[in-house]
Amino acid sequence: MTVTAEPAVGEEAPPGATGPTPRRRTGRVRRIALPYLLLLPALLLELLVHLVPMVIGIVMSFKELTQFYIRDWGAAPWAGFDNYSLSVDFDAPIGKALLHSFFVTCAFTVLSVGLCWLLGTTAAVYMQENFRGRGFLRAVFLVPYALPVYAAVITWAFMFQRDNGLVNHVLHDQLGLTDSPSFWLIGDNSFVALLVVSVWKGWPFAFLIVMAGLQNIPKELYEAASIDGAGMLQQLRRITLPSLRPVNQVLVLVLFLWTFNDFNTPYVLFGKAAPEAADLISIHIYQSSFVTWNFGTGSAMSVLLLLFLLVVTGVYLVLTSRGRRAADV
């Protein structure tokens with residue numbers, strides 16, 4: 001079958017033409033290239049903001065970069081894998097401290113993500129019912145997520161003060177639950193204080209995502225289940241949670257990455273030197289880099305953290321995709 005190209009407007013087709021004209025080919029190329037040209041500024045900005053510093057950090061991890069080479073870090077001696085060996089030597093003080101920080105971060109992340117998901121899901125399920133003041137409560141629930149992190153955490157730091165903080169005033173003075181005012185920003189209680197602040201500012205995000213996912217579940221399913229005699233817990237188990245599985249998979253992964261990498265909360269709450277009980281790995285790497293001025297070791301710790309998060313994310317995505325395929329079958 002012979003295809004004859006149509007002439008362009010105001011132009012006669014050449015005799016015997018059987019394909020697109022050069023003008024048509026140029027227009028097709030422009031249409032194909034236009035989306036990539038529009039994305040080019042964002043890609044360049046992403047390269048400058050994320051990829052370039054990441055590559056520089058990886059290079060720094062192989063150098064003996066201390067305060068003596070800050071002005072010309074490229075002249076720092078090449079250390080090879082010495083920084084990595086020092087970081088994973090768990091019998092030495094540096095490796096032992098990093099391992100302790102890793103375990104603290106894992107425990108903190110599991111508790112924070114679990115509580116954020118539980119509170120957010122519970123609130124979102126109850127907010128599906130129609131009652132007076134539901135819109136107001138939804139807006140109030142999102143206030144912690146809308147507040148700037150520094151302003152919110154500084155407020156919590158004042159509330160956790162031992163002598164004049166609101167927390168001790170309620171627990172000790174008003175309710176009498178403690179024998180004496182507690183220290184919340186030092187000692188073992190610092191872990192609880194950090195967890196409370198993290199859950200307080202993180203659960204509204206889970207609430208928002210789950211509430212959006214619930215809008216896609218047909219109400220007819222709940223009506224049919226109610227007619228069949230299914231109670232609220234059975235509907236939650238058989239309808240709500242299975243329908244929210246794709247949403248929860250993404251939600252848990254995002255909360256995990258945010259919480260495990262959280263730096264602002266412990267830094268604002270405790271300052272440069274976090275207590276041992278709340279020594280998250282992000283603040284630990286900061287101390288190793290900007291307090292002791294050993295940027296090579298700090299960069300190696302950052303690369304190890306990146307590799308750990310990549311491995312965990314990859315395993316999580318593989319397991320969730322297999323579970324999704326098994327559920328579809």
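Helices α8 (residues 189-214) and α11 (residues 245-260) pack against each other at an angle of about 160°, their axes 10 Å apart. Helices here are DSSP runs (H or I, at least four residues), numbered from the N terminus. The axes are lines fitted to C-alpha atoms over the stretch in contact, with angles running from 0 to 180 degrees between N-to-C directions. That makes α8 and α11 roughly antiparallel (angles over 145 degrees; under 35 is roughly parallel, 65 to 115 roughly perpendicular and the rest oblique). The crossing is right-handed, meaning that the near helix is turned clockwise from the far one by less than a right angle.

This is a predicted model, in which local features need pLDDT of at least 70 and side-chain atom pairs count only at pLDDT 80 or more, while totals for chains, interfaces and linings use all residues. Residues are numbered from 1 along each chain as its sequence is written, and side-chain values use heavy atoms, with hydrogens and water left out.

On the α8 side, the contact (heavy atoms within 4.5 Å) takes in Ser 198, Gly 202, Phe 205, Ala 206, Ile 209, Val 210 and Gly 213; these meet Val 247, Asn 248, Leu 251, Val 254, Leu 255, Trp 258 and Thr 259 of α11. Sorted by class, that comes to nine nonpolar, five polar and no charged residues (Ala, Val, Leu, Ile, Met, Phe, Trp, Tyr, Cys and Pro count as nonpolar, Asp, Glu, Lys and Arg as charged, and the others, Gly among them, as polar).

Now for the aromatics: the whole structure holds 24 aromatic pairs. Rings of Phe, Tyr and Trp (its six-membered ring) pair if their centres lie within 6.5 Å, and planes under 30 degrees apart are stacked, over 60 edge-to-face and the rest tilted. Trp 156 and Trp 200 are edge-to-face, because their planes sit at 70°, with the ring centres 5.8 Å apart. Trp 156 belongs to α6 (residues 149-159) and Trp 200 to α8, so this pair ties together parts 44 residues apart in sequence. Trp 156 is buried at 13% relative accessible area, whereas Trp 200 is partly exposed at 26% (buried is under 20%, exposed over 50%, partly exposed in between, using a 1.4 Å probe and protein chains only).

Phe 290 and Phe 295 also pair edge-to-face, 5.2 Å centre to centre with 85° between the planes, and Phe 295 is buried at 10%. Trp 293 lies in the loop between α13 (281-291) and α14 (295-328) and is partly exposed at 41%. Most residues other than glycine have a negative phi. Trp 293, though not a glycine, has a positive phi of about 60°.

Methods. Helices (H or I, at least four residues) and strands (E, at least two) are DSSP runs, numbered from the N terminus.
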